[in-house]
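This briefing concerns the structure shown below.

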Amino acid sequence: MPGFGNDFETEALPGALPQGMNSPQKCNYGLYGEQLSGTAFTADPPERTWTYRIRPSVKHSTRYERIDLPYWKSAPHVVEDVTSLGQYRWDPVPHSDEALTWLTGMRTMTTAGDVHTQIGMAAHIYLVNTSMDDAYFYSADSELLVVPQEGRLRFATELGIIDIEPREIAIIPRGLVYRVEVLDGPCRGFVCENYGQKFELPGRGPIGANCLANPRDFKAPVAAFEDREVPSTLTIKWCGQFHETKIAQSPLDVVAWHGNYAPVKYDLRNYCPVGAILFDHPDPSIFTVLTAPSGVPGTANIDFVLFRERWMVAEDTFRPPWYHKNIMSELMGNIYGQYDAKPQGFAPGGISLHNMMLPHGPDRNAFEGASNADLKPEKLDNTMSFMFETRFPQQLTAFAGREAPLQDNYIDCWDSLEKKFDGTPGRK
Ligand SMILES: [Fe+2]
């Protein structure tokens, strides 16, 4: 196992990967050496990958032609007559009869920050029922965190193949070329498009070296190449615009690679939650799977937070999330099951948004149930929700505000909360 703290190396043909150096005068098999840099050269630690490929990427790119993908939006994107200030919830966006690919099926719900200055994010729903056929894509703007909710997808990338299904996630790095195929459809899920610094594992602080997400549970693909000469299209997302370039072959022609800039998948069932074991409960940051730093320590561009099955054991404690307002903007999605703060209305495939400094918390049923529960140890079962939380306010797209199944009455879920105070000491 080569490496020191650590890179990957993989070759699909024996001897394709140069040993002891990166850039030999002539590469084995007549391959071209090429570096993909995910960080500035001088960033510490650098994230980069050396590839050895049939053709250099300049051969997978000709003149660019602007195209329109009207449902995929990038920040800044503020729609004049759509109000983003609010507590919002959506039913699952229904599947379409139209043939939709990874590109045409992307539906942006919110954007935050600014793609041009590489801060912020966008949250999307994808509805995919059709494989990309001799068609490829990369985003120069962003890495994509993919959270499937229905169906199985294959990401055939330059660096190898990743298949994912619900309860797994994948991270596709900025600049990496890939094709998305439907293995079992129709497929629906969530995407966090990260314009900023890459996702990394959060520092565990006093938790120490174990629990939460462990590095060994992330899986990177082995090298897999295509030597296929057919007319193909490569689409590039660049500064919020989409451009096509026509090429004569598959660009997935990397025979060997080594480095630390690679796509990964992760099974969310490997996430080991840590929580309250006597009374009260910690902030939801205790459930952070991945964090994308913003440059301000502790203040994430994006946190990816997971609410999964776990035991609730705290004594004399209101166990659901407490009422709060938060400078961070919270977009939640339900992967399966029921979420404890909202027993109804937040369906698998659904989304909620609690934007910057807007109050939220349990609805009346959740409050009354939790306030009067017999506090024996209880397993929260059949539940997996997540949050994309960003330091930037999230702006709704026209799709989110007008076309997606917005629940007009969501804000009413707190209406029936009662005033209990009447000045009597000891009243509970
Ligand atoms: Fe919240």
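**Buried positions and cores**

Leaving aside neighbours within four places in sequence, Ile302 is in contact (heavy atoms within 4.5 Å) with Gly120, Met121, Cys192, Asn194, Phe199, Leu290, Thr291, Ala292, Glu389 and Thr390. The model is predicted: local features need pLDDT of at least 70, side-chain atom pairs count only at pLDDT 80 or more, and totals for chains, interfaces and linings use all residues. Residues are numbered from 1 along each chain as its sequence is written, and side-chain values use heavy atoms, with hydrogens and water left out.

- Ile302 lies in strand 19 (residues 299–312); helices (H or I, at least four residues) and strands (E, at least two) are DSSP runs, numbered from the N terminus.
- Ile302 counts as buried because its relative accessibility is 0%; buried means under 20% relative accessible area, exposed over 50%, and partly exposed in between (1.4 Å probe, protein chains only).
- Between the C-alpha atoms of Ile302 and Ser329 there are 9.5 Å in space, and the two are 27 residues apart in sequence.
- Val305 is also found in strand 19 and is buried, at a relative accessible area of 2%.
- Beyond neighbours within four places in sequence, the contacts of Val305 are Pro284, Phe287, Thr288, Val289, Ser385, Phe386 and Met387.
- The largest nonpolar core has 53 residues; such a core is a set of buried Ala, Val, Leu, Ile, Met, Phe, Trp, Tyr and Cys residues joined through side-chain atoms within 4.5 Å.
- Strand 19 supplies the largest share of this core, five residues.
- The residues with the most contacts inside the largest core are Trp90, Leu145, Val147, Phe199, Leu290, Phe304 and Phe388.
- A second, separate core of 29 residues includes Leu69, Phe137, Leu144 and Ala170.

**Strands 9 and 10**

- Strand 9 (residues 143–157) pairs with strand 10 in the antiparallel sense over five bridges; two strands pair if DSSP finds at least two bridges between them.
- A hairpin of two residues joins strand 9 to strand 10, and Thr157 has Gly160 in strand 10 as its bridge partner.
- In a regular strand the side chains alternate between the two faces of the sheet.

**Salt bridges**

- The count comes to 25 salt bridges, each defined as a side-chain nitrogen of Lys or Arg within 4 Å of a carboxyl oxygen of Asp or Glu.
- Arg48 and Asp7 meet in one of these, at 3.2 Å from N to O.
- Arg48 lies in strand 3 (residues 48–53) and Asp7 in the segment before strand 1 (8–11), so the pair ties together parts that are 41 residues apart in sequence.
- Arg48 is partly exposed at 24% relative accessible area, and Asp7 is partly exposed at 26%.
- In the salt bridge between Lys379 and Asp381, the closest N and O atoms are 3.9 Å apart.
- For the salt bridge of Asp422 with Arg427, the corresponding distance is 3.5 Å.
- Asp134, Arg179, Glu181, Glu226 and Arg228 are linked in a network of salt bridges.

**Surface**

- Ile327, Met356 and Met357 form a nonpolar surface patch with about 290 Å² of accessible area together.
- Patches are made of residues with over 30% relative accessible area and no salt bridge, with like charges joined within 9 Å and nonpolar side chains (Val, Leu, Ile, Met, Phe, Trp, Tyr) within 5 Å.
- Accessible areas come from the Shrake-Rupley method with a 1.4 Å probe, and for residues only the protein chains shown count as cover.
- Met356 is found in the loop between strand 21 (351–354) and helix 1 (364–372) and is partly exposed, at 37%.
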